[in-house]
Every structure is written in structure tokens, then in C-alpha cells.
Amino acid sequence: MSKLIKTLICGGDISLAVLDTACAAREGVLRHRMAPASAKAYARAFTLTAYLCGWLKEEGNLSVTVNGGGAGGKICLTGDSDLCLRGYIEHADVSLGGGEEAVCACVGKNGTLTVVRSEPYCLPFVGTSELVSGNLNDDFVRYFAISEQRDTWICAGECFSDGGELLSAGAVVLQAMPFAAEESLARARSIAENYRDIACRLQGGGAEEIARELSPEGEISAREIRFRCRCSRERAQQAVRSLRREEAEEILRAEGKISVHCHDCNTDYSFGKKEAEELFCGGE
């Protein structure tokens, strides 16, 4: 089970989050049949999007778009306050190896990271920052500094088997609270430096164990992270009904069916001539 663990350290000066996202991110990787480089970039973006979702108010939602001009194209992820995420990478078949260089090449750095956040009774928030490296750790740190004015330290990583299976994925994220003492900031920097191997550490022990190592006496909260798409056959039927009848009939003549594809989970819904006609008759 994928988890987000949160606590405070350094006397409340630093917010600490430990994420284990392997199970949830793996579902997205498998659904989209991703090659190793695409999978690594996607899993990292998934992890950091899950962290952002952890700050949402009830019934809030957000989207993250990474558009760096790399070989993988755009990465688009959406999540909500229940930590249910979905999304895709534009080019899922990028094979550039499995190291950090592969992530940077897959993501690219000639572009932007954009977060759109919507919460009840609040105006939508849009934050954008330029990418600086393409490894996403540095890029999200820059995003928090520019768009949210928060000192942040991020160590996110992934581990794959020789056969390309995603074995572990997650992150340690530290953020300074307002007016944090200098010694607390130094402690956060030290933790970040020591947890660059977070993916390996997650294989040896869970997220809660790591959080407890760093906060032996602190109060810890744990929440489940899930891959969950909102698409359904009923929603696909609504999409078909939104077509003009003449347009639907033209598609049926040319292809013999009407297909609806969900980019977020790579699911296809097909409607033959009889079912499509029933959809339009039912709407009259």
C-alpha cells in the first residue's frame, strides 16, 4: 500500500513528509506500459504530486503539468484531497536507461512546471516556475520557492528490477515553517543530504519506519495514496452523446464503431452501431 506519512521535527520548525508511492505509481506505469525512462520520470512526478495533494483541503483537487521539452513529452497528473491520483506521460516508450540522466533527458529542462489548485470557497490558484534541471527534485524545490515562498528540500527516487519492474518509489520532503530557526534549517539540509538513497531505504523499511527514525517522539499521521481514475463507461457514453448525430454516423460508417480513450488510465471504451444508436435514441 502506498502511503504519505507526515510529522513535525525540530520543535515544530520543519514539516517532514515521507512518501512510499510504489504500489500506486506502479499501477500507472503498468496501465500505460511504460519503458524504464518514462516510468522513472512518471513515478517521480507521481510522488511529488501526491505530496502536493497532501496539503489540499477537503474536496480540493489539483493538476500538475511538467512540460520540459524532453523525450518523454508532457507529464500530466491530477489528484485530490483523498490522495487519489491519475495521469500519464505523453511518450510512454522512452528507453534511455534508468539513471538520473535518463530522468533529465526524458523530462527536459526547457519549459515549465505548472500547478493548478482548486479548493472549496477559494479562487483557483495557478503557480508556474521554470524547470532548472529536469530531475524534478530541483524543479519542485524551485516551484515551492517561487510560487509558495517556502524553503524546501526534496529527495525523491525510484528503484527498478533488472527486468524493468518498479520495485520502490518515494520521497522525503522537508519544508520550513515560518520563522524557523537557522539550526532547524541546517538540520533539514543535513537530513536531505543523508536521504538521497530514499528508494533503497524504502526497500529496507517502510515510510513509517523512516519517519519514526527522524521523529522518535513526534505525532505521526498516515494516509493511503491510490491510483484511481474517474473515467467509466457511463462517462464515455456521455462523451458519445455530446457528438452531433451526423458526426457520430460518419464515424460509424468509417470505422464501424465509436471509440473513447481515457488518457489518464489508458482505457478504451468502444460502442458499436447498435449501442451508439441507442444512446442517441435515448437522448431524444
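**Close-ups of salt bridges and a helix pair**

At 37% relative accessibility, Glu208 counts as partly exposed (buried is under 20% relative accessible area, exposed over 50%, partly exposed in between, with a 1.4 Å probe and protein chains only). This is a predicted model, where local features need pLDDT of at least 70 and side-chain atom pairs count only at pLDDT 80 or more, while totals for chains, interfaces and linings use all residues. Residues are numbered from 1 along each chain as its sequence is written, and side-chain values use heavy atoms, with hydrogens and water left out.

**View A. Glu208 and Lys3 join up in a salt bridge.** The N to O distance is 2.6 Å (a salt bridge is a side-chain nitrogen of Lys or Arg within 4 Å of a carboxyl oxygen of Asp or Glu). Glu208 sits in helix H7 (residues 207–214) and Lys3 in strand S1 (residues 2–9), so the pair ties together parts that are 205 residues apart in sequence. Helices (H or I, at least four residues) and strands (E, at least two) are DSSP runs, numbered from the N terminus. Lys3, at 22% relative accessibility, counts as partly exposed.

**View B. Arg230 pairs with Asp80.** Here the closest N and O atoms of the salt bridge are 3.6 Å apart. Arg230 is in the loop between strand S10 (221–227) and helix H8 (233–241), and Asp80 is in strand S4 (residues 75–80), so to speak linking distant parts of the chain, 150 residues apart. Asp80 counts as buried at 10% relative accessibility, whereas Arg230 is partly exposed at 42%.

**View C. Arg117 meets Glu148 in another salt bridge.** Their closest N and O atoms lie 3.1 Å apart. Arg117 belongs to strand S6 (residues 112–118), and Glu148 to the loop between helix H4 (137–147) and strand S8 (152–160), 31 residues apart. Arg117 is partly exposed at 22% relative accessibility, and Glu148 is partly exposed too, at 24%.

**View D. Helix H2 packs against helix H3.** The axes of H2 (residues 36–53) and H3 (residues 100–107) are 9 Å apart, at an angle of about 80°, which makes the two helices roughly perpendicular (65 to 115 degrees). Ala37, Ser38, Lys40, Ala41 and Arg44 in H2 meet Glu100, Ala102, Val103, Cys106 and Val107 in H3, contact meaning heavy atoms within 4.5 Å. These contact residues divide into 6 nonpolar, 1 polar and 3 charged.

**View E. Lys40, Arg44, Glu100 and Glu158 are linked in a salt-bridge network.** The structure holds 14 salt bridges.

Methods:
Axes fitted to C-alpha atoms, helices over the stretch in contact; angles between N-to-C directions. Parallel < 35°, antiparallel > 145°, perpendicular 65-115°, else oblique. Nonpolar A, V, L, I, M, F, W, Y, C, P; charged D, E, K, R; others polar.
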